Amino acid sequence: MSLESFFNPESIAVVGASRQKGKVGYEILVNMIEAGYEGTIYPVNPKADTIEGLKCYPDLKSIGNIPDLVVIIIPAKFVAAMMQQCAKVGVKSVIIITAGFKEVGKEGRELEKQVVNIARQAGIKVIGPNCLGVIAPANKLNASFGGDLPAEGVIGYLSQSGALLAAILDMANAGSIGFSKLVSIGNKADVDELDVIKAFGEDRDTKVIAGYLESITDGNAFVNQAERISHYKPILLMKSGGTQAGAQAASSHTGSLAGSETAYECVFERAGIIRCDSIKEQFDYAQAFADQPLPAGPSVAVITNAGGPGIMAADAIERVGLSFAKLADETIQTLASRLPAAANFNNPVDVLGDALADRYEFALDVVLGDPNVDIVLVLLTPQAMTEPVATAKALVKLGGGKRNKPILACFLGAEKVRDGVKVLRQGKIPQYDAPESAVATIKAMADYVRWHTRPKRVVKLFPVNRRKVENIIERHFRQNVREIGETESKEILEAYGFVTPKGSVATTAGQAANIAQQLGFPVVLKIWSPDILHKSDVGGVQVGLNSEKEVKDAFDLMMYRIPKKLPDADILGVLVQEMCSGGKEVILGMNRDPHFGPLMMFGMGGIMVEVLKDVSFYLAPLTAEEAKQMLINTRTYHMLKGVRGQEGVDIEIIAEGLQRLSQLVTEFPQIQEMDINPYVVGPAGTTAIAVDARISVEQV
Ligand code: ADP
Ligand code: MG
């Protein structure tokens with residue numbers, strides 16, 4: 001969907017233009033005029049002849065021309081009729097500023113539906129309702145009541161909150177941050193966030209896409225398109241409000257461990273979207289992405305005129321997982337040849353408190369030339385001899401130069417660095433008020449580059465027995481059962497290449513002893529009931545039984561105790577299972593998000609999973625790299641790899657298990673939640689075993 005007519009219209013009708021100062025219909029018109037809009041403005045108001053010197057029209061028809069864009073500011077109840085007029089006249093693009101639609105309840109929702117229906121039938125694109133409008137500084141277009149026209153720049157901004165956009169405009173103007181376009185999407189009845197992001201993706205003036213979202217209309221399309229666009233333009237989003245995925249009554253561990261934010265975290269990670277937690281953070285990041293080249297890697301060098309801030313920056317660099325550049329010998333020698341002997345020639349390079357601009361310039365030039373350095377952060381504290389303005393000029397001079405490496409500045413202080421900061425801003429060197437903010441920005445850039453340069457996503461397909469799974473699921477639907485029990489869950493897993501423990505169900509103690517004898521000791525006994533989801537919770541699991549007698553005793557005890565605890569549970573017997581020992585227990589799981597689909601989970605397994613909460617999530621389908629990354633993202637990973645002489649477990653087989661599971665839940669959208677807990681994994685070369693599993697299904 002092209003939004004060109006919103007950004008660059010030749011003529012605009014303002015329906016509801018007003019003569020009354022303070023009214024939105026007046027403010028918008030004045031904003032438009034004051035911005036210096038070069039097209040024709042047609043105020044529409046049956047009660048006025050002229051407003052602000054412009055000829056007024058009683059309705060759209062009497063204009064005589066078809067305006068490229070119509071901005072509607074009249075009360076909600078008249079909007080549908082006005083949309084009919086737009087349709088009749090042949091208008092193709094409308095911004096509805098008016099509030100009082102979906103956001104106010106049922107009646108408003110009805111009105112909004114009417115408006116959308118008219119628009120769809122007539123092929124009219126609508127931004128809003130309940131929005132602030134659209135701004136395009138390069139076209140001197142301010143079709144909004146957000147405030148003054150901001151400076152021209154390369155950031156395209158979209159916001160689901162009009163009020164927030166007003167604040168952003170105000171802040172941007174104060175910090176002289178420029179924009180290519182700003183769109184307030186309001187209730188996004190027609191044009192939604194993805195339409196705008198796509199338009200920004202194609203817009204030559206937009207280098208960075210930024211925005212604030214509360215909801216996403218079409219989860220799948222969003223993931224796919226955002227991922228495509230992220231490849232050539234960074235997308236920086238603030239997102240508030242989670243999904244209900246984690247809130248639904250969860251019967252699996254995965255369900256209860258997925259928080260409401262999990263889905264968005266997964267989506268952003270997959271699509272390469274850079275998440276910002278505050279407006280300040282977003283501006284911090286956006287400035288760097290807008291004005292600096294991307295770093296080739298994560299190695300940071302710091303230049304400072306004070307020890308303390310240098311250490312703060314170094315700490316922050318380590319904390320966020322960036323690397324502290326190891327300067328080449330040649331760099332160190334060159335620095336030593338010209339800097340005072342007391343200076344520090346290693347990273348962080350300390351040019352000392354009496355450094356003038358020329359010393360900074362020299363050090364920066366040398367450090368930028370070091371092949372081990374990807375990014376330089378320049379710190380300055382205003383000491384007695386410091387020259388903030390001249391130093392800023394030196395940075396600007398070296399910025400964006402032949403080395404094409406990003407330079408970020410952190411001039412600490414307020415009054416004394418003010419003019420220097422101004423020079424930096426004008427010279428497009430991003431300036432931060434604290435070393436940590438600068439480092440967080442560098443981290444965002446490095447993460448984006450890492451995402452950008454990741455291998456092409458290839459999802460491996462394993463040969464499986466789909467038919468078998470289909471049969472089991474269908475049988476459950478026929479019987480109106482939504483929870484697939486342990487045995488059949490395991491049959492499903494076997495069909496997808498998992499190994500499960502041997503065993504069978506006994507209804508008497510003698511039978512249990514016989515089965516144990518055949519399996520070989522030790523064995524495990526588990527209560528067998530469709531009504532008991534967490535068996536250990538009710539004393540329904542006994543491991544390490546070493547003789548027929550122990551098996552019989554355990555059987556009798558379970559059959560005596562559990563029915564007393566759970567009188568309503570239907571108990572079918574006891575499962576006698578081979579014991580899988582010597583491995584570590586992990587959990588592999590999936591929780592299906594209603595908007596974004598299956599979220600895969602990996603974590604430290606066993607009965608402690610919900611206590612330790614050491615889990616990671618990722619959107620399915622998984623590639624081999626993503627499956628591996630899920631492991632790396634947990635603390636458990638180090639333990640799994642082997643610590644202090646302990647042999648590690650087979651990491652590859654866990655990653656493969658995750659990929660097989662990902663294939664299963666992708667091929668069967670009926671599966672809502674599932675987990676394998678525990679998945680018992682031994683050292684490389686041994687077989688991993690799905691000891692316990694649970695699957696819940698829903699008809700789709
Ligand atoms: P639930 O999760 O319903 O309580 P599980 O079958 O997962 O029941 O058993 C609980 C715990 O008992 C597992 O996490 C595992 O530590 C241990 N366990 C169960 N079955 C086996 C087995 N066959 N081999 C080894 N350990 C087992
Ligand atoms: Mg379990």
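**Figure 1. Surroundings of Thr-381.** Thr-381 touches Asn-305, Ala-306, Pro-309, Thr-386 and Leu-412, leaving aside residues up to four places away in sequence. This is a predicted model. Thr-381 sits in the loop between strand S18 (375-380) and helix H14 (388-398). Its relative accessible area is 15%, so Thr-381 counts as buried, the cut-off being under 20%.

**Figure 2. The magnesium site.** Asn-677 (O) and Asp-692 (OD) coordinate the magnesium ion (ligand 2), at 2.2 to 2.3 Å. Asn-677 belongs to strand S28 (residues 671-681), and Asp-692 to the loop between strand S29 (689-690) and strand S30 (693-697), so the pair ties together parts 15 residues apart in sequence. Both Asn-677 and Asp-692 are buried.

**Figure 3. Aromatic pairs.** The whole structure holds eight aromatic pairs. Phe-7 and Phe-200 are stacked, 6.2 Å centre to centre with 20° between the planes. Phe-7 lies in helix H1 (residues 4-7) and Phe-200 in helix H6 (residues 193-202), 193 residues apart. Both Phe-7 and Phe-200 are buried. Tyr-157 and Phe-179 have ring centres 6.3 Å apart and planes at 90°, so this pair is edge-to-face. Tyr-157 is in strand S10 (residues 152-159), Phe-179 in strand S11 (residues 179-184). Tyr-157 and Phe-179 are buried too. Elsewhere, ring pairs join Tyr-264, Phe-268 and Phe-596 into a cluster.

**Figure 4. Charges over rings.** Lys-181 lies over the face of Phe-7, 5.4 Å from the ring centre. Arg-338 lies over the face of Phe-362, at 4.2 Å from the ring centre.

**Figure 5. Helix H18 and what follows.** Helix H18 spans residues 486-495, and its buried residues are Glu-486, Ser-489, Lys-490, Ile-492, Leu-493 and Ala-495. Gly-497 follows H18, with a positive phi near 90°.

Terms used: Residues numbered from 1 in each chain as written. Chains lettered and ligands numbered in written order. Predicted model: local features only at pLDDT ≥ 70, side-chain atom pairs only at ≥ 80, totals over all residues. Heavy atoms only, no water. Helix = DSSP H or I, 4+ residues; strand = E, 2+ residues; numbered from the N terminus. Buried < 20%, exposed > 50% of the residue type's maximum accessible area, 1.4 Å probe, protein only. Contact = heavy atoms within 4.5 Å. Donors = N, O, S within 2.8 Å, 3.2 Å for Na, K, Ca; no water. Phe/Tyr/Trp six-rings, centres within 6.5 Å; stacked < 30°, edge-to-face > 60°. Lys NZ or Arg CZ within 6 Å of the ring centre and 35° of its normal.
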